Amino acid sequence: VCLGMPGSKPVLNKKAVDFSVMLALALNCKVPKISRFDRKTYFYPDLPKNYQITQYNFPIAQKGYLQILNKKIQIRRIQIEEDPGAITYPYHIDVSKYSLIDYNRSGFPLCEVVTEPDFSSSKEVKKFLKMFISMIKHLGIYSSNNSFRVDTNVSIGRNPRVEIKNIGSIKDVVSAIEYEIYRQKFVLESGKKITQQTRRFAGSTTEAMREKETEEEYGHIIDPDLPPIVLTALHINQIKKKLPELPYQRAKRMFNQYKINKHQALAIVSEKELADFYEKVVKHIEPKFAAGWISTQLLKVLNYNNIYFSEINLTSQQFISFLKLIQAKEISDRAADLLLRELVLKPQNPKKLAEKLNLLNLTEDELSKLINIVLKKNKDSVDQYKKGKTKVLAFLIGQVIRESKGRADAKIVKELIMKKSFLY
């Protein structure tokens, strides 16, 4: 089957059908009673039989949507098809003298989801893909062992679209879209026309592979080796009953159960691993406090380092210990920010790391001595305060925090400064 040998016949994978229906229901799609397979004809070395088994006229599902914040991204179709072989190059494609073809994955079932052209920016695409991956992880039909590939179409205005094939990560999808928008703008500004092409993403740029084929060129015909898929209402309902809690449902529950705001809940469910992490943390930490740190500071550190939560090894117990340090006022908010940056990259015991980095708060005696030094250094500001210019208090607090190298808590500093008798 993999090599398209004469006489070999394909067999439909029942689990692939059930998973596709599960995904279709999660994406609010219509699932028809009957769907069937077609042969998509094209000549390429990774398809020895010169056609791909796919669905074209009668796909497994159509017309759904996925909500991202206040926008619905419409799903045009979901189709089951076979994976072709994988072409690899010993060196870079431009310098390799030959290519290698791995047929081991050939014939594996794929589920292809096609959206409508509803995206207006790479930012929206990123949000969609993060929510989509979170959804398929919640469904249990995707893990790190699976293959995930994106074909993205980019067009400016009413110009022809350009397709970028087989992008393997969300980061690369965003980079490819942003580069392609820049490239197409440059082409138009140069007085040239954009041609309909298939391109590939080459690290930081896109490169032309071939002129884009039209659907008519593929010559779709019904595959005679595979009978139609017939799905009864009973079978679809059985799958529907087994659907787990989905990201948006989970966000709604978190909003009601933990009394966190909607934006925090949506940010937390954007990755299944992050949502699971949060639900472990709130067993030991006040939910709103935990949600604040996870949905803002933790995600900010991840975004700055251009990584996803699933790529780090921070445990819920380490994060709980970290939050307890803040609650006990053993570290200031500024010191906590610095500590979190290190914890994300090198997870370990938070208190020991804070000691190592000299981030633990000063004792009251140490702070009092430091405040005396700062007030003596800034006599002019002290005199202004005595004359009623209370705004300088913020300046004095800032100077203390600066002298402490972030180890002083602003609230405690303010309380201690206000106790100093020589201010009055």
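The model we're looking at is a predicted one. Asn166 has a phi near 50 degrees, a positive value in a residue other than glycine. Is Asn166 buried or partly exposed? Its relative accessible area is 48%, so Asn166 is partly exposed.

Strand 10 has a partner. Strand 9 pairs with strand 10 in the antiparallel sense, over four bridges.

Asn306 isn't a glycine either, yet its phi is positive, at about 60 degrees. Where does Asn306 lie? Look in the loop between helix 8 (287-304) and helix 9 (316-327). With 45% relative accessibility, Asn306 counts as partly exposed.

## Strand 5 and its two partners

Now move to strand 5, residues 71-82. Strand 4 (residues 61-68) pairs with strand 5 in the antiparallel sense, and seven bridges hold the pairing. Gly64 has Ile75 in strand 5 as its bridge partner. These strands form a hairpin with two residues between them, and there Leu69 takes a positive phi near 55 degrees.

Strand 5 also pairs with strand 8 (residues 109-115), again in the antiparallel sense and over seven bridges. Here, Glu81 has Leu110 in strand 8 as its bridge partner.

Next up is an open sheet of three strands, in the order 3-2-13, with antiparallel pairing. Strand 3 (51-54) and strand 13 are the edge strands, since each pairs on one side only. Strand 2 (residues 38-41) pairs with strand 13 over two bridges, in the antiparallel sense.

Across that pairing, Arg39 stands opposite Ile221 in strand 13. Ile221 belongs to strand 13, which covers residues 221-222, and at 48% relative accessibility Ile221 counts as partly exposed. For a sense of scale, go from Ile221 to Ala336: the two are 115 residues apart along the chain, and their C-alpha atoms are separated by 62 Å.

## Salt bridges across the chain

How many salt bridges does a search of the whole structure find? The count is 22. One of them involves Arg39: its side chain meets that of Asp225 at 3.0 Å, N to O. Arg39 lies in strand 2 and Asp225 in the loop between strand 13 and strand 14 (229-230), so this pair ties together parts that are 186 residues apart in sequence. Arg39 is buried, with a relative accessible area of 17%, whereas Asp225 counts as partly exposed at 23% relative accessibility.

Another salt bridge joins the side chains of Glu82 and Lys49 at 2.7 Å, N to O. Glu82 is in strand 5 and Lys49 is in the loop between strand 2 and strand 3, 33 residues apart, so the pair links distant parts of the chain. Both Glu82 and Lys49 are buried.Asp83 and Arg149 also meet through their side chains in a salt bridge (2.9 Å, N to O). Asp83 lies in the loop between strand 5 and strand 6 (86-88), and Arg149 in the loop between helix 2 (122-138) and strand 9, so the pair ties together parts that are 66 residues apart in sequence. Asp83 is buried, with a relative accessible area of 5%, but Arg149 counts as partly exposed at 29% relative accessibility. Then there's a network: Glu245, Arg250, Arg253, Lys272, Asp276 and Glu279 are joined by salt bridges that share partners.

Ala275 lies in helix 7, residues 272-281. Why does Ala275 count as buried? Its relative accessible area is 0%, and buried means under 20%. Ala275 and Lys171 are 104 residues apart in sequence and 21 Å apart in space, C-alpha to C-alpha.

On the surface, Glu364, Asp365, Glu366 and Glu415 gather in a patch of negative charge. Which helix gives the most to the negative patch? Helix 12 (residues 364-377) does, with three residues. Glu364 has its place in helix 12, and at 52% relative accessibility Glu364 counts as exposed.

Methods
Residues numbered from 1 in each chain as written. Predicted model: local features only at pLDDT ≥ 70, side-chain atom pairs only at ≥ 80, totals over all residues. Heavy atoms only, no water. Pairing = 2+ DSSP bridges. Patch = residues over 30% accessible without salt bridge, like charges linked within 9 Å, V, L, I, M, F, W, Y side chains within 5 Å. Areas by Shrake-Rupley, 256 points an atom, 1.4 Å probe, with all protein chains shown as cover. Salt bridge = Lys/Arg side-chain N within 4 Å of Asp/Glu carboxyl O. Lys, Arg positive; Asp, Glu negative; His and termini not counted. Charge placed at Lys NZ, Arg CZ, Asp CG, Glu CD. Buried < 20%, exposed > 50% of the residue type's maximum accessible area, 1.4 Å probe, protein only.
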